[in-house]
Amino acid sequence: MKKTLLLALSLTAAAYTAQAQATAPATKAVGPVAGPAITFEESKYDFGSVVQGGTVDHTFKFKNTGTAPLVISNIGVSCGCTTPEWTKVPVLPGKTGSITAHFNSTGKMGMQNKVLTIESNAAAGSTTVSLVGEVKEAPATANAATTAASSTAAPVATDVKKVKEKTTSSKVKAKVK
């Protein structure tokens, strides 16, 4: 009796599952968007790290996946350290364009996230891409290292008139007063 009841419940559950799958609405195939549409190959570029004062240039490539020409009217940036250049002519459906971002790290330190806001006639409205990475402190220059080394050197005896020092390939003469 228990086996029969369990078998009946199992068959009923299987029947409902099969019916639900058979009556599920078919998903609509997604085609091109009506009007212009911008699709980027990548929306975020991680440049890793750069020394303070260095620059980063990256080109974001995009495709017009819509059905009408795409026109980029403006690109806003999150700070003046980033300047954009972009395709100025209309990008026809199925064709590609590019946006090149130039980031100057002078005066910046630590993690950076520079956002470019693309304003266009795309059906979805404005979109963004970003440059991310770290700006590291520039190493000390050779002059600073020499100055630091000479300030910590031991005092030189003043009674020595000439010092001859042999190096691997030449002789050096130095006078100490």
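Buried denotes under 20% relative accessible area, exposed over 50%, and partly exposed the range in between (1.4 Å probe, protein chains only). The structure is a predicted model, in which local features need pLDDT of at least 70 and side-chain atom pairs count only at pLDDT 80 or more, while totals for chains, interfaces and linings use all residues. Residues are numbered from 1 along each chain as its sequence is written, and side-chain values use heavy atoms, with hydrogens and water left out.

**View A. Gln 112 in strand β7 (residues 110-120).** Strands (E, at least two residues) are DSSP runs numbered from the N terminus. Gln 112 counts as buried because its relative accessibility is 9%. Its side chain makes a polar contact with that of Lys 114 at 3.1 Å (N or O atoms within 3.5 Å; within protein, one able to donate a hydrogen and the other to accept it, and residues adjacent in sequence counting only if both atoms are side-chain atoms). Beyond its neighbours within four places in sequence, Gln 112 is in contact (heavy atoms within 4.5 Å) with residues including Phe 103 and Leu 131.

**View B. Ala 101 in strand β6.** With 0% relative accessibility, Ala 101 counts as buried. The C-alpha atoms of Ala 101 and His 58 are separated by 5.4 Å, although these residues are 43 residues apart along the chain. Leaving out residues up to four places away in sequence, Ala 101 touches, among others, Val 56, Phe 60 and Leu 116.

**View C. Lys 88 and Trp 86.** The charged end of Lys 88 sits over the ring of Trp 86, 3.3 Å from the ring centre (criterion: NZ of Lys or CZ of Arg within 6 Å of the ring centre and within 35 degrees of the ring normal).

Terms used
Helix = DSSP H or I, 4+ residues; strand = E, 2+ residues; numbered from the N terminus.
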